[in-house]
Amino acid sequence: MKYLNFIISAALVLGFSTGCEKVPEEILPSETPATPDTTAPTITLLGNSTVLVMQNATYTDAGATASDDTDGVITANIVTTGDTVNTATLGDYVIRYNVSDAASNAATEVTRTVTVVSHLKVFLTTTTVGGNIGGIAAADTLCANDVSNPNDGYTYRALLVDGVDRSALNPTVDWVLQPSFVYKTTGGATFGTTNASAVFTSITNISTNAGEIWWTGVADDSWNPGNTTAPNDGNCNRWTSNSGSDNGWMGKGSGNSLDATFNDGRYACNGSYKLICVQGL
Ligand SMILES: [Ca+2]
């Protein structure tokens with residue numbers, strides 16, 4: 001009996017019910033125990049993870065959204081830390097987005113790097129190429145690999161349109177210029193300033209050598225591409241033709257005008273010319 005009493009006492013101390021005493025309600029098992037939330041929320045960045053901002057421009061961050069398997073949309077709980085972008089000062093700014101769900105599971109941090117620059121750069125390729133460049137993507141590869149590329153960690157793409165894969169306006173497709181930016185040559189000479197639609201309205205030519213010619217595909221000063229369906233369409237059949245009976249719009253050195261730089265005329269696609277490459281992200 002003594003032994004039994006000890007067992008009961010021990011059970012009481014340990015909080016077990018003997019069935020004789022009242023158990024406080026709070027330690028009674030609730031209905032079905034909820035499955036604990038062990039899944040972290042996810043953050044989705046709005047806009048690009050890298051952004052170029054012109055010096056002294058106004059920077060507005062595009063923000064991020066967050067959602068959780070249990071809590072649903074928790075965008076309002078995102079904590080934004082890291083650098084404050086000061087567009088007066090050149091350099092990189094890293095913005096950090098973090099959030100946790102109600103069960104304290106932290107999302108993987110998401111960041112955005114904002115780079116404030118005084119201008120963006122352009123260069124003329126050293127390489128010349130016939131109208132059969134291999135399409136817009138191949139033209140970008142040519143810019144990336146050209147010996148005139150300053151290899152400064154940025155992507156350089158071809159200022160070249162075909163009206164389908166790349167177009168400046170109406171519609172804008174994979175366009176290579178940023179709105180309201182100053183562009184200079186890699187040598188530091190002014191090239192032009194883009195407007196809010198990311199096109200130049202005036203230009204200082206990239207070359208003073210009239211014998212230096214480059215493909216653009218830009219048909220007129222309104223930045224229209226040539227006809228994108230005819231073979232002799234002003235873009236060498238979307239830059240896949242070396243035929244002397246097809247042609248492509250080109251610019252050349254010596255004139256400080258949109259005309260001279262982007263649509264001086266149409267040359268047969270069996271000629272070999274340069275490309276203008278522009279800095280981007
Ligand atoms: Ca969760």
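Modeller: Two strands count as paired if DSSP finds at least two bridges between them. Strands themselves are DSSP runs of E with at least two residues, while helices are runs of H or I with at least four, and both are numbered from the N terminus. Bear in mind that this is a predicted model, where local features need pLDDT of at least 70, side-chain atom pairs count only at pLDDT 80 or more, and totals for chains, interfaces and linings use all residues. Residue numbers start from 1 along each chain as its sequence is written.

Let's zoom in on strand S8. It has two partners: S8 and S15 run antiparallel, joined by three bridges, and S8 and S10 run parallel, also joined by three bridges. On the S15 side, leucine 124 stands opposite isoleucine 276. On the S10 side, lysine 121 faces lysine 184. As a general point, strands of a sheet pair through backbone hydrogen bonds, either parallel or antiparallel.

Now, is S8 buried or exposed? Five of its five residues are buried, where buried means 20 or more other C-beta atoms within 10 Å of a residue's own, exposed means 12 or fewer, and partly exposed is in between, with C-beta atoms placed from the backbone. In a regular strand the side chains alternate between the two faces of the sheet. For S8, that gives Leu120, Val122 and Leu124 on one side, with Lys121 and Phe123 on the other, and both faces are covered.

Setting aside neighbours within four places in sequence, isoleucine 276 is in contact (C-beta atoms, placed from the backbone, within 7 Å) with Val122, Leu124, Leu159, Ile206, Trp214 and Thr216. Isoleucine 276 is also among the residues with the most contacts inside the largest nonpolar core, which has 45 residues. Such a core is a set of buried Ala, Val, Leu, Ile, Met, Phe, Trp, Tyr and Cys residues joined through C-beta atoms within 7 Å. Strand S8 (120-124) supplies at least two residues of this core, and so does each of several other elements, including helix H2 (136-145), strand S13 (247-252) and strand S15 (274-280). There is also a second, separate core of seven residues, including Ile43, Ala64, Ile74 and Ala107.

For contrast, look at the loop between strand S9 (155-158) and strand S10 (182-185), where proline 171 sits. Proline 171 counts as exposed because it has 8 C-beta neighbours inside 10 Å. Asparagine 170, in that loop too, has 11 such neighbours, so it is exposed as well. Most residues other than glycine have a negative phi, and most peptide bonds are trans. Here, though, a cis peptide bond joins asparagine 170 and proline 171, with omega about -5 degrees, and asparagine 170 has a positive phi of about 50 degrees.

Notes. Contact = placed C-beta atoms within 7 Å.
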